[in-house]
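Please read them alongside the sequence and the coordinates.

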Amino acid sequence: MEDPMVKRAITLGGGGPAAGLHIGVLEALANAGITFDVWALSCIGAWVGIVYNQFDKVPNEYRAEKTYQFFKNGVFRDDEGYKRFPINTVFGADWLSIGKSMTKFVADSNTYKDLWDPRAMMNAVRESMSFWFGQQPDANGGKKFAIPDEGDINRWILNQVLAPNPFVRYATSMMYLSHVTGLSRINYPQSQFMKSINFDELNKPEKPFIFHNAWNLDDHKLALFSNRPMQNRDTRNEYKVPISASSLCACSALPFVEETVKIDRVTYCEGALVDTVNFESLLQEHHRPPNDKLDEIWVSRIVDAKQVRKPENLHDALANLCQLFAATVGEDDVRLFKYHVRYDDPDGRERWKGTIVEIHVPGHISFKWNHSNLDAGRKLGKAAAEQAIEAYNEHARRKAHAGPHFVNEDPAKDHAKEWRGVQDTYQECQRRMTA
């Protein structure tokens with residue numbers, strides 16, 4: 001299976017609780033003997049890719065199992081516990097920072113300015129009288145009190161009851177205006193959990209080139225953290241080395257859900273919602289023909305809009321908010337990349353003629369951080385990757401048989417037309433799980 005002359009890259013996209021899909025994909029690829037020279041990672045894909053590559057002196061076929069154990073024991077919660085505590089084991093509130101922020105808020109004299117607004121309070125009383133005692137003509141020409149709609153009542157409570165109340169204004173400003181940038185924090189580089197990842201192992205020369213992204217909030221640009229610097233290359237992007245516990249936390253710091261992360265006085269948050277597959281970086285920095293060509297890009301994009309379910313509670317609603325954005329960005333990134341490599345090249349270089357292997361996203365997973373979802377994702381991801389590998393091998397056999405007459409000018413079109421069976425991944429994965 002393995003061709004030492006082929007340079008391959010793999011992209012592992014974001015998707016949080018769908019991490020099991022990545023693990024299953026990597027398991028199938030390892031079983032098939034497929035290895036990669038470049039790993040382009042974002043969000044949960046960065047966690048899976050870095051944990052997977054940290055293991056030294058471990059055969060490839062066992063790395064997926066060790067990665068699975070890391071997430072099962074360190075991130076995902078057991079099913080019984082998750083039923084009444086639907087939070088993973090690392091999204092903890094930063095109680096120390098919250099306490100400091102609250103103390104600073106209370107001690108700041110500016111906090112108490114503009115809490116008491118007599119004009120707003122009088123206007124609220126006047127508008128409340130008009131709202132509740134307003135009259136409308138009835139069918140007989142008389143007048144009757146209007147019955148407010150539920151939406152109007154809710155708006156009255158918000159704007160005439162809560163907004164002018166000085167005590168509510170104080171509590172609300174404490175909640176929203178204290179220096180707390182997220183519901184949880186995972187950036188504790190010295191914690192036992194983060195120390196369980198051997199980042200130094202990534203820097204060994206025999207390791208592939210690994211990089212993940214994060215969004216630089218100070219300069220408003222994508223930052224790339226890698227396990228080694230780019231050598232003798234004029235790159236558009238700045239590769240920051242090394243990958244660290246803080247950089248890994250930065251790449252998954254989803255706004256509002258997790259606190260932002262500061263590294264060298266620069267503030268970062270998640271980059272997956274800007275670029276989940278890092279195609280541009282792969283071609284600009286890792287494809288330099290004629291001596292260094294990137295032949296294949298394998299895509300494990302684990303989030304799809306088909307996975308989103310009707311919410312039954314706030315847990316589901318929050319998951320939908322995150323996953324809908326991730327699904328849209330990931331799907332659009334792949335579609336636009338296929339379009340651009342087919343039709344144009346902004347740098348004026350020869351158009352990339354490599355092959356895109358997209359492992360289609362199974363839809364039969366939820367966004368729960370529990371063991372059952374992790375296990376299901378692993379099985380589904382493995383099944384999806386096995387079908388993609390089968391189609392890839394068929395494609396290679398057809399190409400070898402056709403020889404120079406084989407037409408492969410459009411990787412995206414060839415992928416959709418020739419790789420049989422990949423479109424049936426959803427049904428096949430469901431059948432395998434049932435069996």
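Which residue stands opposite T267 in β11? The answer is K262, and point 2 sets that pair in its context.

1. The protein chain has an average pLDDT of 86, and 88% of the residues reach at least 70. Residues 409-426 have a pLDDT below 50, although this stretch makes 43 contacts in the model beyond near neighbours in sequence. Where pLDDT is low, the predicted coordinates should not be read in detail.

2. Strand β11 and its partners. Strand β11 covers residues 266-269. Strand β10, residues 261-263, pairs with β11 in the antiparallel sense over three bridges, and K262 stands opposite T267. The hairpin of β10 and β11 has two residues between the strands, and D264 takes a positive phi near 55° there. Strand β6, residues 209-216, also runs antiparallel to β11 and is joined to β11 by two bridges. On that side N216 stands opposite Y268. V266 and Y268 point one way from β11, T267 and C269 point the other way, and all are buried.

3. Salt bridges, overall. The count of salt bridges is 14. Four residues, E27, E65, R378 and K382, are linked in a network of such bridges.

4. E27 and R378. These two residues form a salt bridge in which the closest N and O atoms are 3.0 Å apart. E27 belongs to helix α1 (residues 19-31) and R378 to helix α13 (residues 371-402), so the pair links distant parts of the chain, 351 residues apart. Both residues are buried; for R378 the relative accessible area is 14%. Leaving aside residues up to four places away in sequence, R378 touches G20, L21, I23, G24, E27, E65 and Y68.

5. R185 and D94. The side chains of R185 and D94 meet in a salt bridge with an N to O distance of 3.0 Å. R185 sits in the loop between β5 (182-184) and α9 (192-195), while D94 sits in the loop between α4 (79-84) and α5 (95-107), so this pair ties together parts 91 residues apart in sequence. R185 is partly exposed at 23% relative accessibility, whereas D94 is buried at 3%.

6. D304 and K306. Here the side chains meet in a salt bridge at 3.8 Å, N to O. D304 counts as buried, with 6% relative accessibility. K306 is exposed, with a relative accessible area of 54%.

7. Cysteines. The structure holds zero disulfides. For C43, the nearest cysteine sulfur is that of C251, 6.3 Å away. C43 is buried at 10% relative accessibility, and C251 is buried at 0%.

8. Nonpolar cores. The largest nonpolar core has 70 residues, of which F71 and W298 touch the most other members. Helix α1 gives the most to this core, with eight residues. Apart from this core lies another, of 20 residues, including F209, M230, L282 and I356. The contacts of W298, not counting residues up to four places away in sequence, are R8, A9, I10, T11, L29, I34, F36, V357, I359, I389 and Y392.

9. P17. Where does P17 lie? P17 is placed in the loop between β1 (8-12) and α1, and is buried at 5% relative accessibility.

Definitions and conventions. Residues numbered from 1 in each chain as written. Predicted model: local features only at pLDDT ≥ 70, side-chain atom pairs only at ≥ 80, totals over all residues. Heavy atoms only, no water. Helix = DSSP H or I, 4+ residues; strand = E, 2+ residues; numbered from the N terminus. Buried < 20%, exposed > 50% of the residue type's maximum accessible area, 1.4 Å probe, protein only. Disulfide = S-S within 2.5 Å. Core = buried A, V, L, I, M, F, W, Y, C linked by side-chain atoms within 4.5 Å. Contact = heavy atoms within 4.5 Å. pLDDT = per-residue confidence, 0-100. Pairing = 2+ DSSP bridges.
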